[in-house]
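Please read them with the coordinates open beside you.

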Amino acid sequence: MEREIRVSESVISRADIRGTASGVMFMAFFGTVWADVGIGGLQGLGSIWLLILAIFIGATLFFSGIALIRSSRNLDSTNTHGSKNANVNKWFNIVFATEFLLIIIAAIICNTVGHFDWFFPIMAIIVGVHFFPLAYLFQVKAYYVTGTLLCLLAIVTLLFVPLKSSLGQHQINTWWTLVGLGSMLILWITSLVILSVGRRLLRMARDQ
């Protein structure tokens with residue numbers, strides 16, 4: 001999902017900054033998608049206001065990535081790792097396709113056995129696991145943390161949290177709420193971390 005190209009040790013190019021910005025944008029977008037899952041689990045409790053807030057935060061992060069791309073327009077466009085990046089991109093596509101296929105399979109199985117409530121926690125585990133090969137491919141250590149937190153969130157929820165709970169007279173789907181909003185926070189925080197890295201690289205590039 002989040003294609004952050006590794007930075008050259010010698011020259012920071014436009015492609016390096018834009019690769020980092022794409023990571024910011026992917027995290028912002030999918031964090032907002034998970035927010036919708038969590039808000040859906042609340043079964044209508046304050047949904048419209050929470051959704052507006054989630055869209056606002058997600059859009060702010062997303063456009064921060066766009067601003068990073070725009071700020072890199074005057075940088076050197078030379079890419080000294082063309083063949084290496086092509087190989088990384090190939091494996092990124094493989095990882096992303098595998099993740100997408102596993103999510104579809106999980107949805108079909110959960111629906112078939114009549115336990116669709118399991119789907120989003122299982123999906124969070126699949127998404128979490130996919131960060132580990134991405135961390136290796138892009139040499140981004142933060143992705144190891146992101147993947148671990150997503151997996152732990154889903155596993156702890158499945159093992160120790162009741163499926164349903166009540167807030168006053170209102171019943172919510174606790175699994176979807178915790179996994180959705182928790183995944184949202186994890187991805188948005190990751191987006192902020194990558195954004196700070198991108199801005200630091202941009203300053204370094206301008207000083208070269």
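What share of the 208 residues in the protein chain do buried residues make up? Buried residues make up 42% of them, where buried means under 20% relative accessible area, exposed means over 50%, and partly exposed covers what lies in between, with a 1.4 Å probe and protein chains only.

1. Basis of the note. This is a predicted model, in which local features need pLDDT of at least 70 and side-chain atom pairs count only at pLDDT 80 or more, whereas totals for chains, interfaces and linings use all residues. Residues are numbered from 1 along each chain as its sequence is written, and side-chain values use heavy atoms, with hydrogens and water left out.

2. Fold and overall form. The protein chain holds 6 helices and 2 strands, and along the sequence these follow the pattern α-α-α-α-α-β-β-α; helices (H or I, at least four residues) and strands (E, at least two) are DSSP runs numbered from the N terminus. The radius of gyration of the protein chain is 19 Å, close to the 17 Å that the globule rule gives for 208 residues, so the chain is as compact as a globular protein of that length. That radius is taken over C-alpha atoms, and the globule rule is 2.2 Å times the number of residues to the power 0.38. Along the principal axes, the C-alpha atoms fill a box of roughly 60 × 35 × 20 Å.

3. Of the contacts in the protein chain with a separation of 6 or more, 73% are accounted for by residues 24 or more positions apart, a contact being heavy atoms within 4.5 Å. The protein chain exposes about 11000 Å², and carbon and sulfur atoms supply 69% of that area; accessible areas come from the Shrake-Rupley method with a 1.4 Å probe, and for residues only the protein chains shown count as cover. The chain has 14 positive and 9 negative charges, whose mean positions are 6 Å apart. Here Lys and Arg count as positive and Asp and Glu as negative, while His and the chain ends are not counted, and the place of a charge is taken as NZ of Lys, CZ of Arg, CG of Asp or CD of Glu.

4. The nonpolar core. The largest nonpolar core has 48 residues, and those with the most contacts inside it are Trp34, Phe138 and Tyr143. At least two residues of this core come from each of α1 (14-41), α2 (47-71), α3 (82-112), α4 (119-138), α5 (142-160) and α6 (174-207), and α6 supplies the largest share, 12 residues. Such a core is a set of buried Ala, Val, Leu, Ile, Met, Phe, Trp, Tyr and Cys residues joined through side-chain atoms within 4.5 Å.

5. Two loop residues to check by eye. Most residues other than glycine have a negative phi. Gln43, in the loop between α1 and α2, has instead a positive phi near 55°, and at a relative accessible area of 42% Gln43 is partly exposed. Gln139, which sits in the loop between α4 and α5, has a positive phi of about 55° although it is not a glycine.

6. Ser71, in helix α2, is partly exposed at 31% relative accessibility, and beyond its neighbours within four places in sequence Ser71 is in contact with Leu202 and Arg206. Ser71 and Leu202 are 131 residues apart in sequence and 7.9 Å apart in space, C-alpha to C-alpha.

7. Two positions in α1. Is Met27 buried or exposed? Met27, in helix α1, counts as buried at 1% relative accessibility, and its C-alpha atom is separated by 8.8 Å from that of Gly58, 31 residues away along the chain. Val33 is also placed in helix α1, but Val33 counts as partly exposed at 35% relative accessibility. The C-alpha atoms of Val33 and Arg199, 166 residues apart along the chain, are separated by 25 Å.
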